[in-house]
Structure formats: structure tokens, C-alpha cells
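Have the sequence and the model open side by side as you read.

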Amino acid sequence: MRREISSLSDHPASESAALTHLKAKRGRKMATFTEEVRPLLTPAEATQLLKDHYAKVGAVRRVTPLPSYDDQNWKVVVQCSQEAIDKIYVLKIAASGAACRGHAGPEATLAALDCEHTMMGAVRTTGVRAPDVRASDDGEAVVQFSWKSLTCFARVITWVDGVPLSECRGQANGALDRALGQVMGATDVALQHFEEREDGADSTDRILAWDLANVSKVSRPYLNELFDEEVKARVTKALDAFDAFLASPPYALLPRQLIHGDANDENILVDPEGVRPGLVDFGDFVRSCRIFDLAILLAYALFDGKGSSMTSLLADSVLDPAETMLILQRACTIVAAYHSVCPLTRPEIDALYVLIRARNCQTILNAAHHFRLDPDPYKLVSAEPAKRLLRQLEQWDAATFSDALRAACQVK
């Protein structure tokens, strides 16, 4: 459901640094910079939107920007009239034509948002901590409005407590690793019976930048934007192995379903006890191979926290064998935990080695490309750790890695 409202540009608001940044970008010669469709409301505009359409949620105390790629997200603190304490929500602003949804038009964008909401509800029924949608004052899940020349959509969702998994890198914790595998397994179980939508929101025809199946189609062209020849060679080798896998008979055996598609270490929120991780940001959902969800989780969960985000791997010339072995041990723990909730087939387990490496390549290449276009440090948050993990995984061959994972799951 939606309601067309007047442009937020009609509200008086001082121009923020965000709008100045947008104008500066549009002044550059960046015809291919697809993120120009990204909404960049000012804090005043975001606050006005909440006052106009979400007054029942509570009186806005403050709004704070949250990092994101294409959409715009705000942390919103409100005072509820029925409660003495403040409550926290997230205001999410999506724009028609955003790259993250395959440049979908207004109707397709609305359908995608509805699919997200349905998925979040299904996942919550399993006990996984995931967001819930708060209706507008008119009882709508989505409010449609115009901002500048963009058709935008606003949603308010509940805040999921916890610290990003990225802040736990290098903190070996068997209980957390088991919880990560179980949460991902429960998520895929919740989504496995979703039939393909008539509105096409989960159509396999969409070309999405973060769909793992598209890593060579979308991301390989960015290889020339890597200036470290050693990393470029490593990425090329891993992509070649991935492409060969896609053309092999085992790939056809992988079960398909609707998946979350982006369980990275910013979208997983760790609770204080480390036993009930939360899962957020369902915007990269896709109908694809089920095992992709676990591979993507592993591609981030196995970061060991070593090295600086601003230094090349060439400066880290020696890998510690003990640290590298710990990577495999943690992978076994996470995969076995997933398997205990969502049983894996042998072809799925055997695919993980090439898939994890492919996601590392996707992270490295997309980060290099998007950072060149828009030097926002958030776009590099996982790039250097991904380079390190890609190098660590080279210490095993696919057969040895798969043998260990199958033994952990007791799958012959």
C-alpha cells in the first residue's frame, strides 16, 4: 500500500552536506555512476517526513544517518507517549531506479519492498531476530513521495539490538560461530517454501550487483581497477574457478530457493551473550542456490581481524599456519551448525570452497569500483579483510577443504 505525497523539497530545510555532496558528484563526468539515484535527504527532511506520516510512532528526538550503499537509512530515536523511555527505529528511504534492486521502476520497487517485509516476517517466526515494519499513520507499510527528481519510498522498521559482526573480527568464539550457522540455517528453512511471486519481485531475470551468481558478469569487468597485481592475479584465478563450476554438472544439483543474499558482517548484529545474532537488510534477496547464503556468511564470518584496511597484502607476506588452520576449524563449526538446522547435500558442501572465494572476489571488485566513483570509506569496510581471507583459503585445495566440512557434518 502507498500514498502519493508532495515533494519533500517543498518543506523549508537548510541544505546539508549530503546535498552538497550529491551536487558535487553530478558536476563530475560520471555518466556510469548509477548511485546518483540514491536519495540523500537532509536530517530536517527526514524528520519532517516522520512528523508528517509517522506521528503515532512517537515524537522524534533525533535522527542519525546509518551507512548503506544505495538506499538511505536513518537511526530514529523517538519518545512514545505511552512509555517513559525512548524507543529506536530505522527509517529506510528507497528510490526507484536504485542499482541494488536492478534499477527497478516504481511498481517493481514497491513489489520488492513488500517481498522484503514478507521475508522478515517469516524469518521472525523461527525465532531469528529480524526487523518488523511499523505502519504509517494511515496504516500503510510504505509511504511514497517525491524528492528532487526521484520517486522514493519510506518505511519505518524496528531496531535490532546488537553490535555488527564486523566489530567481533578476530574474537574466536565457538558459541557465536554455532549461533551464526544456526541463524542462517533457520533463515533458509523459513524461506524455502516461498513460491515465485506473480509480480516478479523475486524473478531470476533480475541482474543484481550483489547476486553471487553474477560475480563474473557484473564484477569481473572491474579487474582493471585493482592496482595490486598480486591481488588481481589471485582474484582472476578464483573467478576462473567459479566460472568453471557454474558450467559443471554439480552446479545443476544445487537446491534453489529464495535467499537473503547478503549475510555480511554489517548485516549480522551480535547480542551481548553472542547466542542470538540478529539479521537485517533483506534488500539483496534473490531466488538462487540455497548454499549461497551460507557461502556469503562464511565469506565474512571467517575474517580474522588481522591487517590494516589501508595496507596492501604485500606487506603481510607471511601467514601464520595456526591462524590459517583456525579459519578451517571455524568454517567447520559454522557449517555443521547450519547443517543441524537445514540439512545440506554433498554437492552443496563441496561447492562452498569455490563459492566463498567468489564472494571474496565480489567484495573486492565491487568495493574498488564503487570507492573510485564515490570515496566513502564504508565501501571499503570488507575489501581488505576479503583479500586476506582469499589468500588464506589458498592454503588448502578444494578437496581438502570439502573433506573437512563433510566430516564436520558427517556427510559422506
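A salt bridge here is a side-chain nitrogen of Lys or Arg within 4 Å of a carboxyl oxygen of Asp or Glu. Before we use that, a word on the source: this is a predicted model, where local features need pLDDT of at least 70, side-chain atom pairs count only at pLDDT 80 or more, and totals for chains, interfaces and linings use all residues. Residues are numbered from 1 along each chain as its sequence is written, and side-chain values use heavy atoms, with hydrogens and water left out.

**Salt bridges**

The structure holds 24 salt bridges.

| Arginine | Aspartate | Closest N and O atoms |
|---|---|---|
| Arginine 101 | Aspartate 71 | 2.6 Å |
| Arginine 346 | Aspartate 350 | 3.2 Å |

Take arginine 101 and aspartate 71, a pair that links distant parts of the chain, 30 residues apart. Arginine 101 is in the loop between strand 4 and helix 3 (106-124), and aspartate 71 is in the loop between strand 2 (59-66) and strand 3 (72-79). Helices (H or I, at least four residues) and strands (E, at least two) are DSSP runs, numbered from the N terminus. Are these two partners buried or exposed? Arginine 101 counts as buried at 4% relative accessibility, and aspartate 71 is buried too, with a relative accessible area of 11%. For the cut-offs, buried means under 20% relative accessible area, exposed over 50%, and partly exposed in between (1.4 Å probe, protein chains only).

Aspartate 240 is partly exposed at 41%, and arginine 220 is partly exposed at 22%.

Arginine 346 and aspartate 350 both sit in helix 10, 4 residues apart, or about one turn of the helix. An α-helix has 3.6 residues a turn, so residues three or four places apart point the same way. Arginine 346 is partly exposed, with a relative accessible area of 38%, and aspartate 350 is partly exposed at 28%. The pair also belongs to a network of salt bridges that links Arg346, Asp350, Asp403 and Arg406.

Helix 10 also holds arginine 357, which counts as buried at 6% relative accessibility. Its C-alpha atom is 8.8 Å from that of alanine 295, a residue 62 places away along the chain.

**Helix 4**

How many of the 18 residues of helix 4 are buried? The count is 13, so helix 4 is largely enclosed by the rest of the structure. Helix 4 covers residues 174-191, and its end C-alpha atoms are 26 Å apart, which agrees with the 26 Å it should span at 1.5 Å a residue. That expected span is 1.5 Å times one less than the number of residues. At the start of helix 4, a side-chain oxygen of asparagine 173 comes within 3.0 Å of the backbone nitrogen of alanine 175.

Conventions. A polar contact is a pair of N or O atoms within 3.5 Å; within protein, one must be able to donate a hydrogen and the other to accept it, and residues adjacent in sequence count only if both atoms are side-chain atoms.
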